Amino acid sequence: MPAPKLRLSAPHRTAMEGNPWFTSMPRAQRDALVGAAELIHLRRGAMVFRQGDPVHAAGGGFYGLVAGTIKISSLRQDGREAILAVLEPGNWFGEITLIDGSPRTHDATALEALDLLVVPPEAFAQQMHDVVFANAMAAMLAARVRMLYGLTEDATLRSLRARVAHRLLVLARGDATQSVHLRRTLMLPQEALAMMLGVTRQTLSKELNALARDKLISLSYGRIELRSVDALQALVGSG
């Protein structure tokens, strides 16, 4: 007898439906993807996967985050950490290793307790036989490449202040989510933002305080308020 298909709770379904990539697929394809997944729970600090993990590592697969937040990062031998992205509920991730068969490129760590959908590698491969899903995966990878190009442009062409402004705007749309809806309040420790930008906490503080003096943002503990989105976008455009 086949195993019953997974049914998401209302909060989990709301999280998934809030992601533009997921909702771009027809309902039948969304249901098939969720139906191929197992729902697991991880504690804060748990590693979803580690850099270098092989494609068939225990618990590996294509992941859908339905509750909690995940840090995608790399750790150097000297202990310095670079945060590449913070994933919020609704995001799917982990596809690269399943597509090319190479080891994981980074670490994925639970910043709080997680509810996580896991589509096993074999089930993911089966989904990829469906042209609708394969096209959706191509669109996801294209969006990832565009984001990487943007980060490269930041690092090579923009001033640090423009880089800070750009990252704040990206985070306002959910970082990897890139929602059409922009929120003006970011709940984010400045230390984490510094790791995203590859600068020291002191250097970031100087740039944030300058933006606050110009009334583009306001600052409080663990919180950044975007006061003028238009001015931040103009700063990014001017470089």
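What follows is a short chat about the sheets, the pocket and a salt bridge in this predicted model.

Me: What kind of model is this, and how are residues numbered?
Reply: The model is predicted: local features need pLDDT of at least 70, side-chain atom pairs count only at pLDDT 80 or more, and totals for chains, interfaces and linings use all residues. Residues are numbered from 1 along each chain as its sequence is written, and side-chain values use heavy atoms, with hydrogens and water left out.

Me: What is the strand order in the sheet with β1?
Reply: The order is β1-β8-β3-β6, an open sheet of four strands with antiparallel pairing. Strands (E, at least two residues) and helices (H or I, at least four) are DSSP runs numbered from the N terminus, and two strands pair if DSSP finds at least two bridges between them.

Me: Why is one side of β1 and of β6 left without a neighbour?
Reply: β1 (38-42) and β6 (92-93) are at the edges and have a single partner strand each, so one side of each has no neighbour in the sheet.

Me: How many bridges join β3 and β8?
Reply: Five bridges, in the antiparallel sense, between β3 (residues 62-67) and β8 (residues 114-119). Alanine 67 stands opposite aspartate 115 in β8.

Me: And the sheet with β2, what order there?
Reply: That open sheet runs β2-β7-β4-β5, with antiparallel pairing. Its edge strands are β2 (47-49) and β5, each pairing on one side only. Within the sheet, β4 (residues 70-75) and β7 (residues 107-110) pair over four bridges, and isoleucine 72 has alanine 108 in β7 as its bridge partner.

Me: New topic. What lines the largest pocket?
Reply: 30 residues line the largest pocket, and Ile72, Leu84, Ala85, Leu148 and Leu151 lie nearest its centre. A pocket is an open set of points on a 1 Å grid over the protein atoms alone where a 1.4 Å probe fits, with protein on both sides within 12 Å along at least five of seven lines; lining residues have an atom within 4 Å of a point.

Me: Which helix gives the most to that lining?
Reply: α6, with eight residues.

Me: Last one: how many salt bridges are there?
Reply: The whole structure has 11 salt bridges, each a side-chain nitrogen of Lys or Arg within 4 Å of a carboxyl oxygen of Asp or Glu. One joins glutamate 17 and arginine 30 at 2.9 Å, N to O. Glutamate 17 is in helix α1 and arginine 30 in helix α3 (residues 27-35), 13 residues apart.
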